[in-house]
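Please keep the sequence and the structure in view while reading.

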Amino acid sequence: MTRDELENAAESIERAADEASDETATDRLRNQSEQFAAYATADRGPDHGQLARHEHILNEIADEESGDVASNLEDALESISAFRETVEGV
């Protein structure tokens, strides 16, 4: 089962990685993208705690970068938020 919001987040994060000006940011973003791509097809999606940790990392990178990177991360965070509304719990 594919979770479209998580797949969209992975794609937006990958686009941000392509635009990142710093190698460290690029590596961190590629890692985040891979994790969301895995979540999109996993038997079980991430919980609220996992999503919160990812959101923190993505917001941190968006604050350090600007332009297309920040715009793509904003898109990713919107997709994550949309998915999060479907997650039971908190």
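## Glu60 and its partner Arg28

Glu60 has a relative accessibility of 31% and counts as partly exposed. Here buried means under 20% relative accessible area, exposed means over 50%, and partly exposed lies in between, with a 1.4 Å probe and protein chains only. The side chain of Glu60 meets that of Arg28 in a salt bridge, 2.8 Å from N to O. Arg28 lies in helix α2 and Glu60 in helix α3 (residues 48–64), so the pair ties together parts that are 32 residues apart in sequence. Arg28 is also partly exposed, with a relative accessible area of 26%.

Two terms need their rules. A salt bridge is a side-chain nitrogen of Lys or Arg within 4 Å of a carboxyl oxygen of Asp or Glu. Helices (H or I, at least four residues) and strands (E, at least two) are DSSP runs, numbered from the N terminus.

## Basis of the model

This is a predicted model, in which local features need pLDDT of at least 70 and side-chain atom pairs count only at pLDDT 80 or more, while totals for chains, interfaces and linings use all residues. Residues are numbered from 1 along each chain as its sequence is written, and side-chain values use heavy atoms, with hydrogens and water left out.

## Other salt bridges

By the rule above, the count comes to 4 salt bridges. One of them joins Asp18 and Arg30, whose side chains meet at 3.1 Å, N to O. Asp18 lies in helix α1 and Arg30 in helix α2, so this pair ties together parts that are 12 residues apart in sequence. Asp18 is partly exposed, with a relative accessible area of 49%, and Arg30 is partly exposed at 28%. Glu14, Asp18 and Arg30 are linked in a network of salt bridges.

Arg84 forms a salt bridge with Glu55, and their closest N and O atoms are 2.5 Å apart. The pair links distant parts of the chain, with Arg84 in helix α4 (residues 67–84) and Glu55 in helix α3, 29 residues apart. Arg84 is partly exposed, with a relative accessible area of 24%. Glu55, at 15% relative accessibility, counts as buried.

## Helix α1 against helix α2

Helix α1 (residues 4–19) and helix α2 (residues 23–41) pack at an angle of about 165°, and their axes are 8 Å apart. That makes α1 roughly antiparallel to α2. Axes are lines fitted to C-alpha atoms, for helices over the stretch in contact, and angles run from 0 to 180 degrees between N-to-C directions. Angles under 35 degrees count as roughly parallel, over 145 as roughly antiparallel, 65 to 115 as roughly perpendicular and the rest as oblique.

α1 passes α2 in a left-handed crossing. A crossing is left-handed if the near helix is turned anticlockwise from the far one by less than a right angle, and right-handed if clockwise. Where do the two helices meet? Among the α1 residues in this contact are Leu6, Ala10, Ile13 and Ala17, and among those in α2 are Leu29, Ser33, Phe36 and Ala40. Contact means heavy atoms within 4.5 Å. By class, the contact of α1 with α2 has 11 nonpolar, 3 polar and 4 charged residues. Ala, Val, Leu, Ile, Met, Phe, Trp, Tyr, Cys and Pro count as nonpolar, Asp, Glu, Lys and Arg as charged, and the others, Gly among them, as polar.

## Helix α2 against helix α3

α2 and α3 pack at an angle of about 150°, with axes 11 Å apart. That makes α2 roughly antiparallel to α3, and the crossing of these helices is left-handed. In α2 the contact includes Arg28, Leu29, Phe36 and Tyr39, and in α3 it includes Leu51, Leu58, Glu60 and Ile61. The residues of this contact divide into 8 nonpolar, 4 polar and 3 charged.

## Some distances along the chain

Thr24 is found in helix α2 and counts as exposed at 51% relative accessibility. Thr24 and Ile61 are 37 residues apart in sequence, and their C-alpha atoms are 10.0 Å apart in space. Ala37, also in helix α2, is partly exposed, with a relative accessible area of 39%.

Asp68 is found in helix α4 and counts as partly exposed at 48% relative accessibility. Asp68 and Ala20 are 48 residues apart in sequence and 8.3 Å apart in space, C-alpha to C-alpha.
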